[in-house]
Amino acid sequence: MAAASDSAREDKARLDAAFTDLYRAHLRDVYSYSYYRVGNHHDAEDLTEQTFLQAYRHFERAQKESQGRPLRPWLIRIAHNLAANYYRDRSRRPQTPIDDAGPLPELHTTEAIVEDREDLNLILECVQQLPDDRREALIMRFALGMDNREIARALGRTDGATKVLIHRAIKQLEELVQAEAGTEAT
Amino acid sequence: MSTWDFETRLREALQPVDPPADLEPRLEMTLGSLVEMAADELDAWELRAMKDPRNWPRTVLGPAAAVVIGSGAAAGLVILRTRGRRHKRRAQARNAWDLAERTFRDAAREAMRVFDDIGR
């Protein structure tokens, strides 16, 4: 029994070390995804924490089933499911506008900075108006830099369907932004 | 704005967001306590398992039972194979003493074969 428990402890230690690596590598991804889903830092922290706790519980099985493939889509899928519960339980939608998400690219004049910030805020507002699946696909692609295959795994779709989804999402977003910009101009 | 420009703007709008500095240590602490709780749970489970008499047969008597059952099966096999040749032995035996000797030799030979089979 002692030998068996020593072996179980070694397996557990190995698993915990692997999970720590996963967590350190993808904390920012999960946080970014959560943030763009819920629209504020406070709930994004909660969602990130819940995602990693859930992931920890099922890590061993996920590792076996992934057969060496990256686990980021699996993590994002957990965050996706938790975010869906978050809206369902509290009957909430993402808050708009999103808090100031991060540093803006370098610009030269104050006027340009303001104009640029307005543009980006408009895009973010329009992202929040997209249907859930399209919004999520764009967050995964542009905020997390995931490729089509990873997004497909996270959303449980085929690669082809994901490609179409992203294409349509960008198109719809572009139209929304143009419409909003036209409204603001008049 | 071209689609390519639009995608560039979209990438700028959806920049990755850094988590607050205190999130990482806080989460590590939570996960650390989970790991400790799991280890404590394992220790407690082992102690409980050792104290529970229902587990004694499995841990202590299990190997002994396996040896007894295995030996019984091997002996049974030797007897069966030896009995299979009894008519031939009777036909060849000159008297009762010779029959006993032949039976003993057959049994020894079958036992060696069974041990060879087990060892393979």
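Which helix of chain A is Glu45(A) found in?

## Starting point: Glu45(A)

Glu45(A) sits in helix α2 of chain A; helices here are DSSP runs of H or I with at least four residues, strands are runs of E with at least two, and both are numbered from the N terminus. This is a predicted model, where local features need pLDDT of at least 70 and side-chain atom pairs count only at pLDDT 80 or more, while totals for chains, interfaces and linings use all residues. Residues are numbered from 1 along each chain as its sequence is written, chains are lettered from A and ligands numbered from 1 in the order in which they are written, and side-chain values use heavy atoms, with hydrogens and water left out.

Is Glu45(A) buried or exposed? With a relative accessible area of 15%, Glu45(A) is buried (buried means under 20%, exposed over 50%, partly exposed in between, using a 1.4 Å probe and protein chains only). Leaving out neighbours within four places in sequence, Glu45(A) is in contact with Tyr31(A), and also with Pro20(B), Leu23(B) and Arg26(B); contact means heavy atoms within 4.5 Å.

## Chain A as a whole

Chain A has seven helices and zero strands, so the run of elements from the N terminus reads α-α-α-α-α-α-α. Of its 186 residues, 44% count as buried. Take the contacts in chain A between residues at least 6 apart in sequence: 70% of them join residues at least 24 apart.

## A look at helix α5

Helix α5 of chain A covers residues 132-143, which makes 12 residues. From first C-alpha to last, α5(A) reaches 16 Å, close to the 16 Å expected at 1.5 Å a residue (the expected span is 1.5 Å times one less than the number of residues).

After α5(A) comes Gly145(A), with a positive phi near 65°.

## The largest pocket

The largest pocket has a volume of about 340 Å³. Of the 15 residues lining this pocket, Ala62(A), Glu65(A), Trp74(A), Arg77(A) and Ile78(A) are the closest to its centre. Helices α2 (41-66), α3 (72-90) and α6 (148-155) of chain A each give two or more residues to the lining, and α2(A) gives the most, with six.

Terms used: On a 1 Å grid over the protein atoms alone, a cavity is a set of points where a 1.4 Å probe fits but cannot get out, and a pocket is an open set with protein on both sides within 12 Å along at least five of seven lines; lining residues have an atom within 4 Å of a point. Grid points are joined across faces, edges and corners, and a volume is the space filled by probe spheres set on the points.
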